Amino acid sequence: MGIFGWLRGEQKAADPETLASPAPTSQDIEAALVKAERMVVEGHAPTPVLARVLRIITVVRAIVPRLGNLGLDSQDAYTVVATATDYLPESVAGYLALPRDWADTRPVANGKSSLLLLVDQLDLLSLTISRMYDATNRMDAAALVAQGAFLESKFGGKVTPARMDAPVQQSKNPLDL
């Protein structure tokens, strides 16, 4: 489109390649988690790696149905999605691409082997994703507290425990329960 087309208000159709891809759905996130799990199992990753990856996957799966609680445009929601679809698979794939004996024994950075570097990365992801899980739960807990405060102000005072009409006599025998 030329300058005259622009002045006349003509609009060029959007090029599909320049449009941003849609946000991942919960199905996309689950597929990425299944892929990451399959990678560590089929790649015969060491037990410390497998345990950490499975922990991250478990927590992400617990968060995904509640991503809306974090806000659609929140940094926390983005972190959860990116962990599942990008950060976790990239870290694991980089490690699994290396020959096992070399990756587990040869120092590559700061005196650490690729295995130890991966474990550090997975620990960081696990800590971060656990914080996101806590954030989603705190929001629900705060809503529960707010509802309780509303009910207390609406209906006045604290709830008194229910009592039976005829109180039961307490036994004076110390052997009775």
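This is a predicted model: local features need pLDDT of at least 70, side-chain atom pairs count only at pLDDT 80 or more; totals for chains, interfaces and linings use all residues.

Colleague: Which residues of H3 are buried, and over what arc around the axis do they lie?

Modeller: The buried ones in H3 are Val49, Val53, Ile56, Ile57, Val59, Val60 and Ile63. They sit on the same side of H3, because the arc they cover around the axis is only 170°.

Colleague: Which elements give two or more residues to the largest nonpolar core?

Modeller: That core has 30 residues, and Val49, Val53 and Val60 are among those with the most contacts inside it, as are Ile29, Leu88 and Leu122. The elements giving two or more residues to this core are helices H2, H3, H5 and H7.

Colleague: What does valine 53 touch, leaving aside its neighbours within four places in sequence?

Modeller: Valine 53 is one of the buried residues of H3. Its contacts, with those neighbours left out, are Ala36, Val40, Leu88, Val92 and Leu122.

Colleague: Is serine 126 buried or exposed?

Modeller: Serine 126 lies in helix H7, and beyond its neighbours within four places in sequence it contacts Arg55 and Ile56. Its relative accessibility is 16%, and the cut-off is under 20%, so serine 126 counts as buried.

Colleague: How far apart are the end C-alpha atoms of H7?

Modeller: H7 has 42 residues, so at 1.5 Å a residue it should span 62 Å. The model agrees with that: the end C-alpha atoms are 61 Å apart.

Methods. Residues are numbered from 1 along each chain as its sequence is written. Side-chain values use heavy atoms; hydrogens and water are left out. A nonpolar core is a set of buried Ala, Val, Leu, Ile, Met, Phe, Trp, Tyr and Cys residues joined through side-chain atoms within 4.5 Å. Buried means under 20% relative accessible area, exposed over 50%, partly exposed in between (1.4 Å probe, protein chains only). Helices (H or I, at least four residues) and strands (E, at least two) are DSSP runs, numbered from the N terminus. Contact means heavy atoms within 4.5 Å. The arc is that of the directions from the helix axis to the C-beta atoms. The expected span of a helix is 1.5 Å times one less than its number of residues.
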